[in-house]
Amino acid sequence: MKTTARSKKMTPFYVMELLEQARAMEARGEHIVHLEIGEPDFPTPEAVKEAAVAAIREDRTFYTHSLGIPELRKLIADHYRENDGVRISPERIIITNGTSGAFLLLFSVLLERGMTLALSDPGYPCYKNFAALFDAAVRTIPVSAKTQFELTRTDLESGGIPDLLIISNPVNPTGTVYRGDTMMSLERTLAENRGIFIVDEIYRGLSYRGEIRTALALSDRIIVVDGFSKVFAMTGWRLGWMVVPEELVRPIQTVAQNVFISPPTLSQHAAVKAFESTAEVDSMRKFYKERRDFLLPALKKLGFRIPVDPEGAFYIYAGIEHWGIDSREFADRALREAKVALTPGYDFGSFGAGNHVRFSYATDVQKLKTGCDRLAAWLPTLKH
């Protein structure tokens with residue numbers, strides 16, 4: 001059966017393929033240390049789970065408003081006001097089927113053939129594939145440790161201002177955090193040229209240098225995407241949100257009504273309790289920091305080059321030049337021979353991809369220690 005040229009532009013999500021391969025090995029009885037997947041290992045907070053159960057018992061299981069239940073939209077607006085001092089109308093907040101649903105809706109109303117989406121390289125791999133669905137051009141901009149993996153105004157201007165720019169903050173895969181002046185510079189550059197700035201803040205609540213203020217504090221023109229998956233350990237609940245300018249609400253709603261009908265009902269009623277789970281979130285953040293503080297020096301001791309120490313999320317982007325092999329081969333052999341699952345740099349772009357792998361420390365310290373012990377025994381077997 002013939003498939004579309006559009007679908008052939010989509011690249012595999014290597015981390016998911018690695019995860020599936022690792023799980024197949026586990027099904028055969030092999031023990032794998034998972035340092036590849038960006039999924040919290042913590043349980044969803046109890047209050048959130050109890051709210052979902054209550055919703056089932058009370059038969060609150062029908063379609064909701066296409067933009068999300070009003071109670072949850074108001075709570076998110078309150079969250080921005082109380083934590084960031086930013087007043088956002090609940091009418092500008094759209095609840096989505098995960099952040100992936102947010103990107104699909106956004107790009108469906110903002111991108112088309114002849115337009116360009118810009119993103120950093122390395123960066124989150126799915127952005128470019130969403131753009132491919134709408135036949136838009138993708139401009140990847142190489143970033144490195146020289147700028148702390150920040151994409152700058154100079155980067156934008158050197159290749160022509162794109163129609164859309166999307167960044168994550170903190171950054172996946174490097175764990176670095178954008179400075180406020182860099183963000184403001186990017187916004188001004190785009191605004192001067194009628195470009196649109198989208199900031200993915202899914203990891204914003206996981207910062208180890210103090211709280212990161214939302215990009216909404218910089219400008220009403222900035223579109224922010226966020227969700228419950230990472231900070232609240234709710235990946236499988238598939239619930240996100242976005243804050244958009246008022247003029248985009250109705251166009252997005254029309255698409256959402258047709259594509260999704262409404263966001264997941266039970267997940268919405270459960271998420272109403274998420275912002276009350278501050279103790280659990282603080283505890284998770286504390287454990288993530290302990291894991292980072294263990295893994296960072298351990299990897300350096302093993303010979304990995306860490307270009308920039310991560311300040312947020314739960315990733316370490318590590319150079320493997322010392323062993324002189326490509327990151328795909330490195331990750332494949334690490335899985336087969338050391339029983340440690342890592343993500344090759346190619347999942348995040350092409351710039352330096354062959355020389356880097358990503359470690360996820362979304363697992364407990366004992367497993368991190370086991371993984372490092374296995375790598376310590378395996379790495380000397382590599383030719384370099």
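Predicted model: local features only at pLDDT ≥ 70, side-chain atom pairs only at ≥ 80, totals over all residues.
The model holds 2 cavities of 30 Å³ or more. Strand β5 gives the most, with 3 residues. By class, the lining of the largest cavity comprises 7 nonpolar residues, 3 polar residues and no charged residues.

The second largest cavity contains about 40 Å³ of space. Around it lie Ser66, Ile94, Ile95, Thr96, Asn97, Leu105, Ala256, Phe260, Ser262 and Pro263. Strand β2 (residues 93-96) provides the largest share of this lining, 3 residues. The lining of the second largest cavity divides into 6 nonpolar and 4 polar residues, with no charged ones.

## Aromatic pairs

The model contains 23 aromatic pairs. One of them joins Phe107 and Phe130: the ring centres are 6.4 Å apart and the planes stand at 65 degrees, so the pair counts as edge-to-face. Phe107 belongs to helix α5 (residues 98-110) and Phe130 to helix α6 (residues 126-133), so the contact ties together parts that are 23 residues apart in sequence. Phe107 is buried, with a relative accessible area of 0%. Phe130 is also buried, at 13%.

A further edge-to-face pair is formed by Tyr317 and Phe348, with 6.3 Å from centre to centre and 85 degrees between the planes. Tyr317 lies in strand β9 (residues 315-319), whereas Phe348 lies in the loop between β11 (343-344) and β12 (356-360); the pair thus links distant parts of the chain, 31 residues apart. Both Tyr317 and Phe348 are buried. Elsewhere, ring pairs connect Phe42, Tyr203, Phe287, Tyr288, Phe314 and Tyr315 into a cluster.

## Charges over rings

Aromatic rings also meet charged side chains. The charged end of Arg328 is placed over the ring of Tyr346, at 3.9 Å from the ring centre. The charged end of Lys369 sits over the ring of Phe294, 6.0 Å from its centre.

## Cysteines

The number of disulfides in the model is 0. Cys126 is buried, with a relative accessible area of 16%. Cys372 likewise counts as buried, at 8% relative accessibility.

## Backbone features

In general, most residues other than glycine have a negative phi, and most peptide bonds are trans. A cis peptide bond joins Asn169 and Pro170, with omega at about 0 degrees. Another cis peptide bond joins Asn172 and Pro173, with omega at about 25 degrees. Pro170 is located in the loop between β5 and α8 (180-192), and Pro173 is found in the loop between β5 and α8 as well.

Asp135 is not a glycine, yet it has a positive phi of about 60 degrees. Asp135 occupies the loop between α6 and β4 (137-142). With 18% relative accessibility, Asp135 counts as buried, because the cut-off for that class is under 20%. Gln148, also not a glycine, has a positive phi of about 60 degrees. Gln148 lies in the loop between β4 and α7 (153-158). Gln148 is partly exposed, with a relative accessible area of 40%.

Gly324 lies in the loop between β9 and α12 (327-338). At 66% relative accessibility, Gly324 counts as exposed. Between Gly324 and Lys369 there are 45 residues of separation in sequence and 25 Å in space, C-alpha to C-alpha. Lys369 is the residue whose charged end sits over the ring of Phe294.

Ala274 lies in the loop between α10 (265-271) and α11 (278-302). Ala274 is buried, with a relative accessible area of 0%. Ala274 and Arg333 are 59 residues apart along the chain, and their C-alpha atoms are separated by 40 Å.

How values were computed:
Residues numbered from 1 in each chain as written. Heavy atoms only, no water. 1 Å grid on protein atoms, 1.4 Å probe; cavity = no way out; pocket = protein on both sides within 12 Å on 5 of 7 lines; lining within 4 Å. Points joined across faces, edges and corners; volume = space filled by probe spheres on them. Helix = DSSP H or I, 4+ residues; strand = E, 2+ residues; numbered from the N terminus. Nonpolar A, V, L, I, M, F, W, Y, C, P; charged D, E, K, R; others polar. Phe/Tyr/Trp six-rings, centres within 6.5 Å; stacked < 30°, edge-to-face > 60°. Buried < 20%, exposed > 50% of the residue type's maximum accessible area, 1.4 Å probe, protein only. Lys NZ or Arg CZ within 6 Å of the ring centre and 35° of its normal. Disulfide = S-S within 2.5 Å.
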